[in-house]
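Student: Could we go through this structure together and ask what lies behind each label?
Tutor: Gladly, let us take the labels in turn.

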Amino acid sequence: MKVIDHIKNAERTLFTLELLPPLKGETIETIYQAIDPLIGFSPSYINVTYHREEVVYKPQSNGLLERQVVRKRPSTVAIASAIRFKYGIDVVPHMICGGFSPRETEDGLIDLHFLGIDNVLALRGDAPRQDKSFVASKGGHIHATDLVKQISRLNKGIYLEEELLQPSPTNFCVGVAGYPEKHGESPNLETDLRYLKEKVDAGADYIVTQLFYDNSKFFAFVEKCRQIGITVPIIPGIKPISVKNHLTILPKTFNIDIPEDLVTAVDACKDNSMVREVGVEWAIQQTKELMQFGVPAIHFYTMGKPDNICKIAKAIF
Ligand code: FAD
């Protein structure tokens with residue numbers, strides 16, 4: 001079922017999860033172990049992230065470094081379909097612009113369509129670690145809007161191959177990313193929202209947000225979205241803090257603020273097991289308030305370790 005239909009049919013706030021594919025060399029059991037403890041809370045659908053290639057430099061016996069292109073977490077599509085067939089739960093594989101030509105994207109979408117997967121989260125992707133800024137592949141999409149447009153065209157049966165006889169349309173429900181505290185590259189929130197509206201106007205059915213710890217920022221974001229005519233559902237993304245150095249890593253990586261009360265509580269922890277408890281408690285309070293506000297779903301970033309999400313789900317769902 002499409003995400004948008006889950007939302008339409010829901011009688012309560014939906015519980016949804018985001019997972020990372022296992023690192024290369026690990027088995028699919030890694031994923032099942034992350035899902036099994038959460039199955040009892042009936043997640044409505046599970047997102048599976050996409051990780052592009054990275055460049056690494058490996059020392060050679062001659063003392064020189066060899067440049068190698070590696071993918072540390074391949075198999076988004078395989079993991080998504082394995083989850084779907086093992087648990088019978090809908091899945092939302094992420095698709096990114098970076099590293100793909102539109103033709104490769106089309107082939108990826110056809111694979112998903114044939115697998116019976118009719119949800120995707122359409123993203124631009126970040127610049128590879130070694131690059132300073134995002135650069136599209138030759139002829140590739142520069143912004144997520146271009147990817148959304150391609151999916152919308154495919155949903156009308158318009159493929160890049162023009163000679164096809166009676167091409168059959170796909171049937172994707174498309175989600176896009178939103179940033180309550182603005183995207184890190186955007187000059188200001190208003191500009192970012194203007195581009196967010198372009199993604200929605202291009203065919204996105206709903207928005208999932210970047211993680212945040214201050215609900216007032218999310219509420220203000222939703223209000224601004226509505227003011228500029230974005231009417232689609234907006235799903236908040238929640239990631240419980242779990243280690244002390246999240247206080248410095250998360251603001252830098254995701255362009256977010258961490259409220260002073262949370263910083264103080266984390267600072268007072270003697271070790272990371274205490275931090276994990278503080279993170280759970282904060283996420284429970286955040287989730288309760290978001291549900292009172294009437295959000296359609298909560299998107300939990302699980303990072304493959306389900307114990308903290310389990311505690312939150314037990315307290316709420
Ligand atoms: P865009 O919508 O293209 O926006 C990127 C920047 O360009 C913004 O600053 C925006 O304001 C600006 N912009 C947009 N359109 C235009 C335009 N027409 N002209 C000029 N500027 C424009 N990354 C991954 O690699 N894999 C994942 O699986 C993944 N999952 C994610 C899931 C969620 C819920 C979220 C919130 C993010 C995820 N990301 C993932 C990270 C995401 O790829 C990065 O945040 C990326 O930098 C931006 O992606 P986007 O789709 O928001 O890009």
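Student: What should I know about the model before we start?
Tutor: This is a predicted model.

Student: Let us begin with the strands. In what order do the 8 strands close into a barrel?
Tutor: The order is β1-β2-β5-β6-β7-β8-β9-β10, with parallel pairing. Neighbouring strands of this sheet are turned by 25 degrees against each other on average, with direction ignored.

Student: What makes β5 and β6 a pair?
Tutor: Two strands pair if there are at least two bridges between them. Strand β5 (residues 90-96) and strand β6 (residues 119-123) have 3 bridges in the parallel sense, so they count as a pair. Within this pair, I96 stands opposite L123 of β6.

Student: And what makes β3 and β4 a pair?
Tutor: The cut-off is again at least two bridges, and here 6 bridges join β3 (residues 54-59) to β4 (residues 65-70). These two strands run antiparallel, and E54 faces V70 in β4. They form a hairpin with 5 residues between them, and G63 in the turn has a positive phi of about 85 degrees.

Student: Which residues meet where α6 packs on α7?
Tutor: From α6 there are L189, E190, L193 and L196, and they meet F221, K224 and C225 of α7. By class, this contact has 5 nonpolar, no polar and 2 charged residues.

Student: Where does α6 lie relative to the strands?
Tutor: Helix α6 lies across β7 (173-178) and β8 (206-211), and runs at about 175 degrees to β7.

Student: Why are α7 and α10 described as roughly parallel?
Tutor: Their axes come within 10 Å and cross at roughly 25 degrees. Angles under 35 degrees count as roughly parallel, so α7 and α10 belong to that class. Helix α7 passes α10 in a right-handed crossing.

Student: Which residues make up that contact?
Tutor: N215, F218, F219 and V222 of α7 meet Q286, E289, L290 and F293 of α10. Sorted by class, the contact of α7 with α10 has 5 nonpolar, 2 polar and 1 charged residues.

Student: How do you know whether α9 is roughly parallel or roughly antiparallel to α10?
Tutor: The axes of α9 and α10 come within 9 Å and cross at roughly 155 degrees. An angle over 145 counts as roughly antiparallel, and that makes α9 roughly antiparallel to α10. The contact involves D261, L262, A265 and V266 of α9 with V275, V278 and W282 of α10. It has 6 nonpolar, no polar and 1 charged residues.

Student: Q286 came up in α10. Is Q286 buried or exposed?
Tutor: Q286 has 4% relative accessibility. Buried means under 20%, so Q286 counts as buried. Apart from neighbours within four places in sequence, Q286 is in contact with F212, Y213, D214, N215 and I238.

Student: Why is G140 called buried?
Tutor: Its relative accessible area is 14%, and the limit is under 20%, so G140 is buried. G140 is found in the loop between β6 and α5 (144-155). Leaving aside neighbours within four places in sequence, G140 is in contact with F100 and P102.

Student: Why is S75 called partly exposed?
Tutor: S75 has 30% relative accessibility. Partly exposed lies between the buried limit of 20% and the exposed limit of 50%, so S75 counts as partly exposed. S75 sits in the loop between β4 and α3 (76-87) and has a positive phi of about 80 degrees although it is not a glycine.

Student: And what makes N255 partly exposed?
Tutor: At 28% relative accessibility, N255 falls between 20% and 50%, so it counts as partly exposed. N255 is found in the loop between α8 (246-254) and α9 (260-267). Its phi is near 55 degrees, a positive value in a residue other than glycine.

Definitions and conventions
Residues numbered from 1 in each chain as written. Predicted model: local features only at pLDDT ≥ 70, side-chain atom pairs only at ≥ 80, totals over all residues. Heavy atoms only, no water. Contact = heavy atoms within 4.5 Å. Helix = DSSP H or I, 4+ residues; strand = E, 2+ residues; numbered from the N terminus. Nonpolar A, V, L, I, M, F, W, Y, C, P; charged D, E, K, R; others polar. Axes fitted to C-alpha atoms, helices over the stretch in contact; angles between N-to-C directions. Buried < 20%, exposed > 50% of the residue type's maximum accessible area, 1.4 Å probe, protein only. Parallel < 35°, antiparallel > 145°, perpendicular 65-115°, else oblique. Left-handed = near helix turned anticlockwise from the far one by under 90°.
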